[in-house]
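Here is a friendly walk through a protein model, one feature at a time. Keep the picture open beside the text and look up each part as it comes.

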Amino acid sequence: MEFLEQTFLVLAYVAALGFLVSGLDDLFFDSQFLVHLWKTRRQPPFRLKDLRLAQEQWIALIVPAWQEGGVVNKMAEYAARVVRYEKYDIFIGVYPNDPETNRCVDQICATHPRIHKVLVPHPGPTCKADCLNWIYRAMRLNEVPGVREYGVVAMHDAEDLLHPLMLKVYNYVVPSQYDMAQLPVFGLELPAWRGWVGNTYIDDFAELHTKIFTCAKASAASSPPPASEPPSPVMFSNGSPTPTMATPSSSAISPRITKSAIRVKRAGYRTGVVNVPVERMVRPKRPDGTLGPPKPVTELVAVREAFPRTFRAAVRQRARWILGISFQTWEQTGWEGTWPMRYTLARDRRAPLTHLINMMGYLVLAFAFGQWLFRAGPWGTDFYLRPVFATDSWLWKIVLVDTWLLAYRAAQKFISVAAIYNWAQAIASVPRVVVNNLINFTATVRATRLYLGHKLFHVPIVWAKTAHTFPADTELSEYTKTIEDLLVQEGLVTKEQLFAAIRQANGFSVPFVLLRMGLLSEEDFTSVWVKYSGLDARFINPYEILRVSWRGARKHSRWNLARCPWPRKKAGSSWLFANRRPCRNWTACAIFTACQWCRC
């Protein structure tokens, strides 16, 4: 019993000192964040007008894909539908021994000329760095000198949900302000008290991508993603030394973004994190699942991702991050650079040690709780157990300081989650810390096992695939750009005019109300609906409308939606036109056969 007590006493000292050092380190980083806020308090924020008027340069989105059938095609289709930019192409890298992903990418390429398939010449999986190299080569072959030359290259994952203004931000900051930059990533939230695993990602990312990355930038350090988190969407100038993510000899090595960020920073190029808050109109979900009236919200231009929802999948994903950034990047890049940069690298690479110390703390806490139960039981008077936390010891004093630091850390995370999401998620983030630490510790064990197997027994490190799912349209309703957003961003109306039209809408669409108020011309009315719906605008000769088709329409449909049938060349079928979107399934309702009218 004496040996057991001494063992846990040593573990308690190690955990308490580890918590103290980590807490003071976080406190120092928070002070840097406050200094950054004070220095930048008078800087003008990004304006939508500046983003919209900046001259567009060609942007290439490169997406590596392995076993992403049914995901990467939906991601590319969603991006092509919501992105408000003209000069861009999407390149998707696939492997020849992945038939499902090839089939899905072929289908989306056949309908979207902006999307291009890149076939890696050898079977997979290798790693994302190897796939990115082949995508980059294909991108350069697609360039036409003087016509289409990609000024910005942006790397994304197959499950990324792009913000409608993301390419506008890329175009605005690269290369005018940065040679390589990162945008925030936020997870798609699940029900606060049910998605215990999936929501741990929103807790980490809410603080990581709003404060910690900004602190790294403010301290003049490199800002690669921490070891416990994935790389952000990264965009870089085509003239920076980053296009080749890995050489053929290192195709089994996976930390492509972190290694590139360190290389760019050491070369003296400008790197940083871009936080662009914008105000837009959203239709929040009601409890019954329907969408409410539009209201203004301020949000960061960021990527949304659907992260794993099961413990096993989360462990596999985080083990890959820890393996790449904590172990492999350390081995490949070392500690060269300025002292602030070394300090940032040390924070990133301490993740495995931090996860181990957290588990020590849980073991000591469980032992102390067991001691308390034993003393409270019937055997407490017969045996003496020396308490781990004696009130007159230095350990107790350190634990008191640790408790204050942990409460402070929980409060910081609470504020970050509340700012990005809502109060319910912020409250649930406090107990989710335990789940998060268990996932991180298990992932650290797995990453260590993989790395030692590679170094000692030469077991190749391959692409550890994480199964992804693409959210349904109902989950994306709050993130998809609304027609009200488009009206303001195109400069057609002011916010005040938009709010006045919303108050007078009374069931009608906002563009229709603006048209009636004389604030929107018919040409602008048509153009905004064309951009929003993705459909074409065509001239209609009213004298060619079939009288029989017009009589077959319901009277209330003709007047309330101004619906009008139009004959197609194919006999027995017609097009249905309306001055506003009659239902959510616009395309399905636009095509009909004779006398089969949309009843939305």
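Start where helix α1 meets helix α11: L4, E5, F8, L11, A12, V14, A15, G18 and F19 on the α1 side touch I357, N358, M360, G361, L363, V364, F367 and Q371 on the α11 side. Contact here means heavy atoms within 4.5 Å. Helices (H or I, at least four residues) and strands (E, at least two) are DSSP runs, numbered from the N terminus. Two packed helices are described by the angle between their axes and the distance between the axes. For α1 and α11 (residues 351–376), the angle is about 135 degrees and the axes are 9 Å apart. The axes are lines fitted to C-alpha atoms, for helices over the stretch in contact, with angles from 0 to 180 degrees between N-to-C directions. That angle makes α1 oblique to α11; angles under 35 degrees count as roughly parallel, over 145 as roughly antiparallel, 65 to 115 as roughly perpendicular, and the rest as oblique. The crossing of α1 past α11 is left-handed, a term for a near helix turned anticlockwise from the far one by less than a right angle, with right-handed used if it is clockwise.

A word on what you are looking at: this is a predicted model, in which local features need pLDDT of at least 70 and side-chain atom pairs count only at pLDDT 80 or more, while totals for chains, interfaces and linings use all residues. Residues are numbered from 1 along each chain as its sequence is written, and side-chain values use heavy atoms, with hydrogens and water left out.

Now step back to the whole chain. The protein chain has 22 helices and 15 strands. Of its 600 residues, 51% are buried; buried means under 20% relative accessible area, exposed over 50%, and partly exposed in between (1.4 Å probe, protein chains only). Among contacts between residues at least 6 apart in sequence, 74% join residues at least 24 apart.

What ties parts of the chain together through charged side chains? The structure holds 20 salt bridges, each a side-chain nitrogen of Lys or Arg within 4 Å of a carboxyl oxygen of Asp or Glu. One of them pairs D30 with R409, at 3.7 Å from N to O. D30 lies in helix α1 (residues 2–39) and R409 in helix α12 (residues 394–420), so this pair ties together parts that are 379 residues apart in sequence. With 6% relative accessibility, D30 counts as buried. D30 and R409 also belong to a network of salt bridges that links them with D25, D26, E207, R347 and R350.

A second salt bridge joins E56 and K168, whose closest N and O atoms are 3.4 Å apart. E56 sits in the loop between α2 (48–53) and β1 (58–64), and K168 in helix α6 (residues 166–173), 112 residues apart. Both count as buried, E56 at 19% relative accessibility and K168 at 12%.

Which strands form it, and in what order? Three strands make an open sheet with mixed pairing, in the order β5-β12-β7; two strands pair if DSSP finds at least two bridges between them. β5 (160–161) and β7 (185–187) are at the edges with a single partner strand each, so one side of each has no neighbour in the sheet. β7 and β12 (residues 303–305) run parallel and are joined by three bridges, and V185 has V303 in β12 as its bridge partner.

Finally, a few spots in the backbone deserve a look. Most residues other than glycine have a negative phi, and most peptide bonds are trans. Here, the bond from G124 to P125 is cis, with omega near 5 degrees, and P125 is in the loop between β3 and α5 (128–141). Another cis bond joins V174 and P175, with omega about 0 degrees; P175 is in the loop between α6 and β6 (180–182). H458 is not a glycine, yet its phi is positive at about 60 degrees. H458 lies in the loop between α14 (432–457) and α15 (473–476), and at 66% relative accessibility H458 counts as exposed.
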